[in-house]
Structure formats: structure tokens, C-alpha cells
Amino acid sequence: HLTGVPPGVGQRVPVTVQTEKSLSLVLADLLAHFETRRVTLGRLLAVLGEQATAMVLLVFSIPAIIPTPGVPAGMIFGTVLVVLSCQLVVGTRRFWLPKRLSRIEVPRTLLSGMVVRLGPKLQWIETWLRPRWTGLAGQAALRPLGIVVVVMGVIIALPVPFGNVLPGLSVFFIALGLAQRDGVAIGIGLAFGLAAIAFTAFILLGGWWLISGWFGFSSGPAPA
């Protein structure tokens, strides 16, 4: 089980890569840990930081995948992913969040939704994961993958209709691959990332084309 008292707001937590525990089990333990505790982003990171980088990315990507009524999950968790992945890119030894982000409260229903809706699926996915193409899942890959997660976090934070799922799945599979040293899972995550970039570009460019057409921004000069 997850034990220990989470560090205070803004305190740094160690960065590691793999976790020895089942990811689905860690997710269930996370819910049990916060059963009687107030959940904030800072406390969530503090507890997850005892596990591994992979688990941190996994948990913070899930709200982008599942519906979260009443919570601006994309903006909040996309921003968190950007902050944390920037730290991976610069090679920090410990994760941290700014005080304002650390103090944001996470509904306990969101944690229970993670366990109930994704726990069994995650347990099934883990049966297919194994060490392969390990060059994509080692310490040397953290910085390049961090750049990918930065981009995905930005896309998640954008107010694009249905734009959270593909980048969320990208980070989700990258996290799975890091946890189990499975380069194939990371490859799937990168494929989702490319799809997310293409979809977002299509939506944004299509929206601009419609707006410019309505307001005549794309019209040529009026005839003399």
C-alpha cells in the first residue's frame, strides 16, 4: 500500500522511471490512501512520486481520457503534464509543482472513476506488456519523450472539442512503456501523439477557415 505523509506544498519528490508494482494495483492503493484525506494535486504528486515517473504520467493523463463532468480536467491536468514533462526535459532529479497548482483540489470521485472505469482495462493491458525495444524506455529516452509529453500537455490544455483523448492516450501508453520497459507501448503512444497533432491541426485550421469565410478575411481586394 501507499504509505507515508505527503510532502508539503511545493516540496520536491524524487524522479525515477520504472515501478516494480502493478500499475492497476498502485491505482487502487491510491484511492484507498485518499479515502479519508483531502486530495490536492500537490498531495497526489507527493504520493505518486514514491512510485515512478511512469506512474506520475499515467495518473495525470487519465483525466484527459475519461469524462470528468464539472472539472476543467483538460486545462488543469494538461498544465500539470507540461510542468512535469518540462522537468524531465531539463533532467531534474525531483518533481515539483508551483504552489498555485499544488493547492488545486481533485474530486475524490475522479480517483474512484479512474479505478472503476480504467482499473480492469489497465490490468488486462499489463498482461501484454513486457521488456522489448528497451532503448525507447530507458533513462536516455526520458528527455525526448519529455518533449513529446510537453506537446501533448499543451494540446490537452487547449479548448479543442474532443481534443483531449488522443494526446491523453499518447501520454498513457508512453507511461505504460516506461513502467514496463516496453518500447512497443511507447511506439503506440508516439503514434497516438502524431494523430493528436494531426487532429488538432485539422480542427484549428478548419475553424480558422470557417471563421475567415464567414467574416470575409480570406477574400481578395474588392474590384475597382
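Visitor: How many aromatic pairs does a search of the whole structure find?
Guide: This is a predicted model, where local features need pLDDT of at least 70, side-chain atom pairs count only at pLDDT 80 or more, and totals for chains, interfaces and linings use all residues. Residues are numbered from 1 along each chain as its sequence is written, and side-chain values use heavy atoms, with hydrogens and water left out. Rings of Phe, Tyr and Trp (its six-membered ring) pair if their centres lie within 6.5 Å; planes under 30 degrees apart count as stacked, over 60 as edge-to-face and the rest as tilted. The search of the whole structure gives a total of four.

Visitor: Why is the pair of Phe 60 and Phe 77 classed as it is?
Guide: The ring centres of Phe 60 and Phe 77 are 5.9 Å apart. Their planes stand at 40°, so the pair is tilted.

Visitor: Which helices does this pair link?
Guide: Helices here are DSSP runs (H or I, at least four residues), numbered from the N terminus. Phe 60 and Phe 77 are 17 residues apart, in distant parts of the chain. Phe 60 lies in α3 (residues 53-65) and Phe 77 in α4 (residues 73-90).

Visitor: Which residues of α3 does α2 meet?
Guide: Contact means heavy atoms within 4.5 Å. From α2, Leu 41, Leu 44, Leu 45 and Leu 48 take part. Their partners in α3 are Met 55, Val 56, Val 59 and Phe 60.

Notes. Helices (H or I, at least four residues) and strands (E, at least two) are DSSP runs, numbered from the N terminus.
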